[in-house]
Structures are given as structure tokens and as C-alpha cells.
Amino acid sequence: MKVPICSFDAKTGVLCSKCEAKLQSGGITQDDVDASIKLSKVAGKSQEADKFTLLKGARVDDDFVLVLRGSDIMSVRTNPNLSERISKEFGQKVWFVESESSERQFLESLFHPFKIINVNQFWLPDGKVTKVIAAGRQDPRINVEKFKKIAKAVRNIELLVEFETK
Ligand SMILES: [Zn+2]
């Protein structure tokens, strides 16, 4: 498994001087460190998780967001046992998103299992906004405020969500 800190540090839960310096300088965050250590525990018992590349971890409210590669997201989606095990280790709801990809792919992984119809970017006087049109009526399981916070935390996207109305 690849994580933002040394894999040895992730296993022992103690940072070496190099990683400690990265944390102090802001190169990595405490959330990255915590996510690395917890995910490493899962990887010790799961071959699938052991292949993961964790790019970033971010606490958003009471949830934890793990930014992984697209192929890792695929294995989580096709293996409910694995995502359950990870959520158990974290002791909170865990979101799995990919980010080394296009903005649309990131948003699709965020909205999963809900479908996105369209993604548009436009400029407002105070910056760029990304508008997502989600399929179907407003589903109560879609927590728009949470999606906005995650998009901001992980990719610095100002998100707007609208629902397709028929
Ligand atoms: Zn280290």
C-alpha cells in the first residue's frame, strides 16, 4: 500500500523525523496521517486494500473522506465487505473518491451510486463554480451540503447541485 507517509510509519503509528517534518511544514495533514495509519491496519488483513494508493485523507464533519486511485475505488465498490471493514476501522462513515482524474470523474465517484447528467463550470465575480445536474428527483439520501464540503475539502471545488426535473 502507498500512503502519504512511510509505510513503516503507517504500520507502527509513529512518524519518522522526515514525515514529522512534512506534517509540521504542512506538506501533509494530520488527517493524511490518521487515514494512513487506519488504512494500514485494514491492509494488514486484506490483500485488496494492500494494493491501494491513498493520496489524501480529509475529515469532513463527522465523516472521513479517502482519496484513492480509480482502480482502488473500483475494488471498494465491487467488494462491500471491504468498504464495511474500512468504515469499521475508522469508526465513522467513510467516503471513497478518486481525484487524480478529471473533475467529472471525481464528482461521479462522490455522487456514487447516484448518476450525474451534466457538469458545467462557470465564473461568478468571486470565482469558478461547478454545477452538477444529478439524475432524478431530489433524493433525501443526497446530502447536498455534505457533497459541497467534500468537493471543497478534496479538490477546492465550489459546488452547486441541481436535480433533473421531469
Ligand atoms: Zn516516515
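Two strands are taken to pair if DSSP finds at least two bridges between them, and strands themselves (E, at least two residues), like helices (H or I, at least four), are DSSP runs numbered from the N terminus. In this sense L68 has E98 in β3 as its bridge partner, and β2 and β3 pair in the parallel sense over five bridges. The structure is a predicted model, in which local features need pLDDT of at least 70 and side-chain atom pairs count only at pLDDT 80 or more, while totals for chains, interfaces and linings use all residues. Residues are numbered from 1 along each chain as its sequence is written.

On its other pairing, β2 meets β1 in the antiparallel sense over six bridges, and R59 stands opposite F64 in β2. The hairpin of β1 and β2 has two residues between the strands, and D61 there takes a positive phi near 55°. Because five of the six residues of β2 are buried, this strand is largely enclosed by the rest of the structure; a residue is called buried if 20 or more other C-beta atoms, placed from the backbone, lie within 10 Å of its own, exposed if 12 or fewer, and partly exposed in between.

Not counting residues up to four places away in sequence, L68 touches F52, T53, L54, L55, I73, F96 and E98, where contact means that the C-beta atoms, placed from the backbone, lie within 7 Å. L68 is among the residues with the most contacts inside the largest nonpolar core, together with L39, L54, V65 and L66, and this core has 38 residues; such a core is a set of buried Ala, Val, Leu, Ile, Met, Phe, Trp, Tyr and Cys residues joined through C-beta atoms within 7 Å. Among the elements that give two or more residues to the core are β1 (54-60), β2 (63-68), α7 (103-111) and β5 (127-134), while the largest share, six residues, comes from α3. Since domain 1 (1-100) and domain 2 (101-166) both give residues to this core, the core lies between them.

These domain bounds come from an automatic or database domain assignment. The C-alpha centres of the two domains lie 24 Å apart, and 13 residues of domain 1 are in contact with eleven residues of domain 2. On the side of domain 1 that touches domain 2, β1, β2, α5 and β3 each supply at least two residues, and the residues of that side divide into seven nonpolar, two polar and four charged. Here Ala, Val, Leu, Ile, Met, Phe, Trp, Tyr, Cys and Pro count as nonpolar, Asp, Glu, Lys and Arg as charged, and the others, Gly among them, as polar.

β4 and β5 pair in the antiparallel sense over eight bridges, and W123 has K128 in β5 as its bridge partner.

How values were computed:
Contact = placed C-beta atoms within 7 Å.
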